[in-house]
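Q: Hey, I'm new to this one. Can you walk me through it?
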Amino acid sequence: GEHSDHYQAVAAKYDQCVFYDSSGPLVHWQLECCCKHLQTEPGHTVLDIGGGTGQFTALLESRLNKHLGHASVVLVEPSKGMIDRAGEHSTTLQCANADLLTYAASAPGAAERILLKEVVHHFGSGEDFQAAVDALWTLLKPGGLLVILTRPKEPEYPFFPRALDSWKEGVEEPS
């Protein structure tokens, strides 16, 4: 579909965008936020749903394994073009080329933690959104935790004024 074609086309340049530059301060700030809120424990499985090329997922995997000794991190991504690039970022990252609903049907109770980083806007609304929420619930083990990282209207990140104005233009008001 339209999303698949878009992500197939942008996969080669995706990691070079300012919001995905792993050497940049924004990504490291996001990583700190995710690690803090995921509250991952040794032996936990973390799913990164819609994690694109896996660049951020690989950073998360590295950070969790450095601090916890062992955590299993799985990239779940529907775009083949995106997931094909995951090996560039990690040789140990587990990957599943599937959409959320398909993956959930094949792996109920797969994880203690689920991360949705800048992806929830793809879930649509109404019945599509409810189906996505149901799938996430299916994937979580009892007592599991879902962390959603999205773009706030007023970020804590110290953007310069013009960048902040641009950021705000791209954020929809909650309905």
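Q: Let's start with Ser72: buried or exposed, and why?
A: Keep in mind that this is a predicted model. Ser72 counts as buried because its relative accessibility is 13%, and buried means under 20%.

Q: Where does Ser72 lie?
A: In strand β2, which covers residues 72-76.

Q: And which side chain does the side chain of Ser72 make a polar contact with?
A: That of Gln94, at 2.6 Å. Leaving aside neighbours within four places in sequence, Ser72 is also in contact with His44, Thr45 and Val46.

Q: Switching to helix α3: how far apart are its end C-alpha atoms?
A: They are 20 Å apart.

Q: Which residues of α3 are buried?
A: Gln55, Phe56, Thr57, Ala58, Leu60, Glu61 and Leu64.

Q: OK, and what covers them?
A: The cover includes α2 (25-38), β1 (45-49), β2 and β4 (111-117).

Q: What follows α3?
A: Gly69, and its phi is positive, near 90°.

Q: New topic: how many residues has the largest nonpolar core?
A: It has 20 residues. Leu47, Ile49, Leu100, Tyr103, Ile114 and Leu139 have the most contacts inside it.

Q: Which elements give two or more residues to this core?
A: β1, β2, α5 (100-106), β4 and α6 (126-139). α6 gives the most, with four residues.

Q: What other core lies apart from it?
A: One of 18 residues, among them Leu31, Cys34, Val73 and Ile83.

Terms used: Residues numbered from 1 in each chain as written. Predicted model: local features only at pLDDT ≥ 70, side-chain atom pairs only at ≥ 80, totals over all residues. Heavy atoms only, no water. Buried < 20%, exposed > 50% of the residue type's maximum accessible area, 1.4 Å probe, protein only. Polar contact = N/O pair within 3.5 Å; in protein donor to acceptor, adjacent residues only side chain to side chain. Contact = heavy atoms within 4.5 Å. Expected span 1.5 Å × (residues − 1). Core = buried A, V, L, I, M, F, W, Y, C linked by side-chain atoms within 4.5 Å.
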